Amino acid sequence: MRLIYLDNAATTKLAQEVADAMVPVLCEVYGNPSSSHAIGRKAKALVETSRRDIAKRLGCEPRSIIFTSGGTEADNLALRAAVKDLGCKRIVTSRAEHSAVIASAEKMADIFDVEVVYVNHHPDGMVDCEHLKEILASGPQTLVSLMHANNEVGVIQPLEVISNICKEAGAFLHSDTVQTMGHYPICLDALDIDFLTCSAHKFHGPKGTGFLYTHPNNKINSQIVGGGQERGMRSGTENLHGIVGLAAAIDLAYADLEEHTSHVRAIKKRMVNGLLAKHPGVQFNGDSHLESRLYTVLNVKFPPHPNSGMALFLLDLEGISCSGGSACSSGATTGSHVLKALGYHDPKCASLRFSFSRYTTEEDIDTALEAISRVFSPVEEDAV
Ligand code: PLP
């Protein structure tokens with residue numbers, strides 16, 4: 001059976017170009033970047049070239065890039081640094097954030113004298129900017145942490161508007177850009193932001209590597225202490241092949257951004273049209289079918305059906321990999337906190353997330369649509 005992968009918001013396939021950049025480093029450049037001899041210096045040069053290449057693509061200074069083990073660590077570092085190093089006593093975030101942000105914010109509140117405040121959303125999933133302004137109108141030094149695009153329903157927040165609100169109120173701003181980095185242009189020379197998060201495996205880079213962008217004005221300390229790597233902001237011997245892979249993945253993503261964007265948009269449209277044609281009554285959580293939403297993600301709410309509770313399992317048996325919420329570390333899926341937070345959760349209906357990449361083909365979509373039709377085949381109304 002051919003497996004069809006429609007779970008690219010969870011992770012993506014490593015690009016061959018990225019593997020080609022990584023393998024020689026993995027096999028041949030074995031020096032420790034902290035060693036001062038020639039073999040160590042060669043490794044260090046690769047770390048710094050990667051940092052410079054990434055910074056150039058994003059329009060920031062190389063020293064603003066702190067390599068981490070991925071998005072979760074970068075989110076944790078941003079929130080902790082805001083509290084410990086920048087004096088924030090309040091974190092304003094949203095209940096639809098990734099758990100790396102929500103759990104971090106709650107941990108900060110547990111450990112330090114910090115209040116966590118949740119901003120409201122409009123019914124379409126957009127952050128209520130007026131509510132954000134009201135919150136920021138008074139109170140202590142604040143970090144606002146709001147993601148760019150939601151990983152489950154694809155709502156994209158207006159980062160520039162949010163940045164202006166924060167600037168006016170004197171608040172720091174962190175954005176989890178894990179789902180948009182490598183998929184949308186990110187121009188840091190035009191965007192006033194304190195922290196931004198990247199994870200390589202969301203755009204065909206290796207797992208376990210990413211970075212935190214931090215504005216050069218922000219002097220922050222490491223949450224992981226030890227050897228003082230990354231200029232004291234993240235200790236631990238650098239993941240050299242991962243960093244090289246991350247830089248190669250960014251390069252690949254931005255070298256042909258328009259081409260891969262239009263390919264994925266067309267793929268998503270095929271899926272939307274196929275679903276609407278075959279399943280009257282489907283809805284798209286977060287209006288994820290709209291052009292203005294994240295083009296890699298489609299979150300579909302199917303009408304009530306006896307197979308609703310088994311849909312993910314049945315699709316998996318058909319060879320279709322998709323998701324019903326974010327994947328948790330045990331591999332099981334829990335009910336989605338995002339769908340609940342945004343008011344889309346309905347226990348009678350299956351909500352499934354299909355997410356696409358540059359490698360998804362029209363044939364994949366057609367095969368998935370056929371499998372979906374078998375899982376949600378028409379039933380007598382009283383069987384529901
Ligand atoms: N933030 C968002 C929006 C994500 O989608 C993810 C991954 O699922 C993360 C953070 C965590 O990134 P990582 O898997 O690199 O730790």
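For these notes, a cavity is a set of points on a 1 Å grid over the protein atoms alone where a 1.4 Å probe fits but cannot get out, and lining residues have an atom within 4 Å of a point. Grid points are joined across faces, edges and corners, and a volume is the space filled by probe spheres set on the points.

**Ground rules.** I am working with a predicted model, in which local features need pLDDT of at least 70 and side-chain atom pairs count only at pLDDT 80 or more, while totals for chains, interfaces and linings use all residues. I number residues from 1 along each chain as its sequence is written, and side-chain values use heavy atoms, with hydrogens and water left out.

**Cavities.** I searched the whole structure and found four cavities of 30 Å³ or more. The largest cavity holds about 70 Å³ of space. Among the residues that line the largest cavity I noted S94, E97, H121, N150 and L342. I sorted its lining into six nonpolar, five polar and one charged; here Ala, Val, Leu, Ile, Met, Phe, Trp, Tyr, Cys and Pro count as nonpolar, Asp, Glu, Lys and Arg as charged, and the others, Gly among them, as polar.

**The seven-stranded sheet.** Next I looked up the strands; helices (H or I, at least four residues) and strands (E, at least two) are DSSP runs, numbered from the N terminus. Two strands pair if DSSP finds at least two bridges between them. I found seven strands in an open sheet with mixed pairing, in the order β2-β8-β7-β6-β5-β3-β4. β2 (65-68) and β4 stand at the edges with a single partner strand each, so one side of each has no neighbour in the sheet. From one strand to the next, the twist averages 20°.

At one end, β2 joins β8 (residues 210-214) by four bridges, and the two run antiparallel. There I see T68 opposite G210. At the other end, β3 (residues 90-93) and β4 (residues 115-118) pair in the parallel sense over four bridges, with I91 opposite V116. The chain goes from β3 to β4 through helix α4 (residues 99-111) in a right-handed β-α-β crossover (with the strands pointing away from the viewer, the path from the first strand over the helix to the second runs clockwise).

I also checked how α4 sits: it lies across β3, β4, β5 (142-145) and β6 (172-176), at about 145° to β4. Axes are lines fitted to C-alpha atoms, for helices over the stretch in contact, and angles run from 0 to 180 degrees between N-to-C directions. Contact means heavy atoms within 4.5 Å.

**The three-stranded sheet.** I then turned to an open, antiparallel sheet of three strands, β9-β10-β12. Its edge strands are β9 (283-284) and β12 (351-355), each pairing on one side only. Helix α8 (residues 257-278) packs on this sheet, touching β9, β10 and β12, and its direction makes about 10° with that of β10. Strand β10 (residues 297-301) is joined to β12 by five bridges, and K301 has S351 as its bridge partner.

**A pocket to finish.** A pocket is an open set of points with protein on both sides within 12 Å along at least five of seven lines. Which residues lie nearest the centre of the second largest pocket? I noted S308, G324, C349, A350 and S351, out of 20 lining residues. This pocket holds about 380 Å³ of space.
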